[in-house]
Amino acid sequence: MFTNRMFNILVPVISVLLGLLAGAIIMLSFGYNPISGYIALWNGAFGDWYFFGETIRQVTPYIFTGLAVAFAFRSGLFNIGAEGQVLVGWLAAVWIGTTVDAPMFIHLPLAILAAFLAGAFWGFIPGILKAKLGVHEVIVTIMLNYIALYSTNAIIRSVLTDREDTTDKISESASLSADWIMQLTAYSRMHYGILLALLVAVLIWFLIDKTTLGYEIRSVGYNQHASRYAGMNVGKNIIFAMVISGGIAGLGGAMEGLGTFGYMPAHSGFTNIGFDGIAVALLGGNTALGVVIAAFLFGTLKIGALNMPTGAGVPSELVEIVIALIIFFVASSFVIRWMLLRLKKEGK
Amino acid sequence: MEDSVIEMLNIRKEFPGIVANNNITLQVKQGEIHALLGENGAGKSTLMNVLFGLYQPEKGEIRVNGKKVNITDPNVANDLGIGMVHQHFMLVDTFTVTQNIILGKEPKKYGMIDIKKAEKKVAELSERYGLKVDPSAKIRDISVGMQQRVEILKTLYRGAEVLILDEPTAVLTPQEIKELVEILKSLIKEGISIILITHKLKEIMEVCDRCTVIRKGEGIGTVNVSETSTDQLAELMVGREINFTTEKSEANPKEKVLSITDLRVKDNRNIEMVKGLNLDVKAGEIVGIAGVDGNGQSELIEAITGLTKTESGSVLLNDKDITNFSPRKVTESGVSHIPQDRHKFGLVLDFPIGENMVLQTYYKQPYSKNGILSYKNIYQKANELINEYDVRVASEFTHARSLSGGNQQKAIIGREVDRSPDLLIAAQPTRGLDVGAIEFIHQKLIEERDKGRAVLLISFELDEIMNVSDRIAVMFDGQIVANLKPTETNERELGLLMAGSKKEKVGEQ
């Protein structure tokens, strides 16, 4: 037990350090000072209230997509579709936010619920295909990402607007932004969403670890045969897991629509919030607490890196490489761990 | 030891937290059959994996033909002439015998596989060692016994001079075992040395020259088989006296609990495996289903327990129709099931053993209330079962994966028996277990019978069927072909019935 826990904490910490180290070597070899580069990164994330607010703003959707991917992972499913679920959630939230007229205590929850339902529906499709027909969820979710990208664009251009590239601003009554937060953080785009993110993290932890539903999800995730033998409905659990996973990712979209931007632009490409969620989930060991910590790390890197070109003269391309290296080491630690476990199993 | 082919001297292998092998010495002479005997978890496999290069020992040395060697991986072992036949065969079903044998070491001609040459060589080898294998037959068309011979040929083809056989008789019929014994004898005549991993004492007495005993990772010693007895070997292995014949009183069967009529079941390839089967099990009796693996036993169990849908026929439990119930409803109707494959079905290996103990009951009080789990009650129950069924485990929080096979099985039996079922289905309950655990499990089955429960035992081990059952139903080709009393039959008759021949060729062998 103890060694296992140590292992779970050590692996991600080491991989982050390795990533930073490799990034430092890259910076050195291109003639930049890695120490001032990383100081710029730190300042860019926490240097003043504005940067701090922006970091938290970036962390918020990462918590949602990380939780979404992690939840699916716990039931043995690989939800690559968080990206698409973010997009449909974003659109649903903005749709309600721009078209409905209601007092805030109805309007805001309604918009958030719409985002959840849209994402949940986007997760339900691969879920039911997997449960009933055995279609692999990775393929379906990848394809649904593209369907989400292009259909949201089409809806924005031809349903919500008349051939414009962004929707209208949502009404005040559906907004997660608050003046006092903006003033406190020197007009960053930080919003109330972080509270919702932390609340959902607690709920997911409770659901997975403390309820019979979570027991079934974990059991199905580890061993479908034994779960069936024990009388669990494996198909139902797969659908349930994908619905919840998609719903949470949809909430991540709502954070962008109702908090950060207050509208939805037509996207030329993916937002990467969903894809980064995969790395967040893996780095966080697929636990709720781990995901929150990993999301903070990713948010910090993303926002802090913006300061590296101006703060330390490191070109932004190099910053991308450094971040990619960190993600690479995180991902390869998962591979290493997986290989170790495989070896352990086969050695028996 | 002047003529030892393999010497493993004072081998020590540690894993985090446990010493799997401590100071074990194994010396195998040229041309002998050397048994490696030990309970499950005693460290037999670890020792053989060290020899085969899968593990590196912390201490000790290995000598092959008197020369010190460093076996870093299985390829090195192969080059040194060490071959291993695993318990689970590693063959490609749709390939021919020859294709399987040459896999990875194909003879080539102009860059193409020279299949003619390969077949000739396989036929030669087969001839020389009396294996009688058809080189061009497909694996899926030949019997399990034949497949095993293909595995043996595979190692010989690679130039093996020392053969490690891991539990080779576990999957064979009595007749096939006899043939295997003949093959082993002809192999040693040709100068091959054999290490036989087993815990079947009878086999050791029958074929082996010497026997090295391991107990709890310690080498106990090596004995000449001609100077020992099964009782002595068992005592060496377990460290205490063992009761071989299972003590039990006469059965006292009462009302019918399970009644199966004209059951037909298809497997996942859509081939009918159970073909109009009829079977009754009464309260207070143990019915043993004897049969060779693959004659529909698995499909029969899956149909009763709801894991597979039936094609036609009916399954009645206490006169209630439970045909095609979901697994949960079958369980709730009063059926417990000790599955054949405990890793695949019986346990969630990555769950703590405590959570495994409520695998079917987690949604009921007191283990949960309104959908919220009560870990306190779950682990309390787990603790009770662990103590009552003598599951040896560090704590109830230990993951099921790290338990030995015997203890995993005890945990499953505890969980299944504790639900007080009307019908207890035990499929291969002692597969791969050592004599101590087997004794314990047989006692439990008989205890359940004496409590008035119906017990359906499925086993490929004739000894087990003969010892434990009150009634034997022989299953062949999806049907029950005979109902016998264990006192009125013998292994020979059962073996023939299991092979599908009733009267013919009784004189052979």
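Reader: Hi! How far apart do the C-alpha centres of domain 1 and domain 2 of chain B lie?
Author: They lie 33 Å apart. Domain 1 of chain B covers 4-238 and domain 2 covers 256-342 + 420-498; such bounds come from an automatic or database domain assignment. This is a predicted model, where local features need pLDDT of at least 70, side-chain atom pairs count only at pLDDT 80 or more, and totals for chains, interfaces and linings use all residues. Residues are numbered from 1 along each chain as its sequence is written, while chains are lettered from A and ligands numbered from 1 in the order in which they are written.

Reader: Okay, and how many residues are in contact between those two domains of chain B?
Author: Eleven residues of domain 1 touch 13 residues of domain 2 in chain B. Contact means that the C-beta atoms of two residues, placed from the backbone, lie within 7 Å.

Reader: Which elements give two or more residues on the domain 1 side?
Author: Helix H6 (174-189) and helix H8 (230-238) of chain B do, and H8(B) gives the most, with three residues. Helices (H or I, at least four residues) and strands (E, at least two) are DSSP runs, numbered from the N terminus. That side of domain 1 has six nonpolar, four polar and one charged residue. Here Ala, Val, Leu, Ile, Met, Phe, Trp, Tyr, Cys and Pro count as nonpolar, Asp, Glu, Lys and Arg as charged, and the others, Gly among them, as polar.

Reader: Switching to chain A, what are its domains?
Author: Domain 1 of chain A is 1-32 + 314-348 and domain 2 is 49-313. Their centres, taken over C-alpha atoms, are separated by 25 Å. The contact takes 14 residues from domain 1 and eleven from domain 2 of chain A. On the domain 1 side, helix H1 (2-29) and helix H15 (316-347) of chain A each give two or more residues, with the largest share, eight residues, coming from H15(A). That side divides into twelve nonpolar, two polar and no charged residues.

Reader: At what angle do H8(A) and H13(A) pack?
Author: About 150°, for residues 193-210 and 288-305 of chain A, with the axes 8 Å apart. Axes are lines fitted to C-alpha atoms, for helices over the stretch in contact, and angles run from 0 to 180 degrees between N-to-C directions. Leu198(A), Ala201(A), Ile204(A) and Trp205(A) of H8(A) meet Ala288(A), Leu289(A), Val291(A) and Val292(A) of H13(A).

Reader: Nice. Now the chains together: how many residues of chain B are in contact with chain A?
Author: 26 residues of chain B, against 17 residues of chain A. On the chain B side, helix H10 (327-334), helix H11 (342-346) and strand E20 (372-373) give two or more residues. By class, the chain B side has 16 nonpolar, seven polar and three charged residues.

Reader: Last one: what pLDDT does chain B average?
Author: 87, with 96% of the residues scoring at least 70; pLDDT is the predictor's confidence in each residue, from 0 to 100. Residues 503-509 of chain B fall below 50. Where pLDDT is low, the predicted coordinates should not be read in detail. For the complex, the predictor gives an ipTM of 0.81 and a pTM of 0.76.
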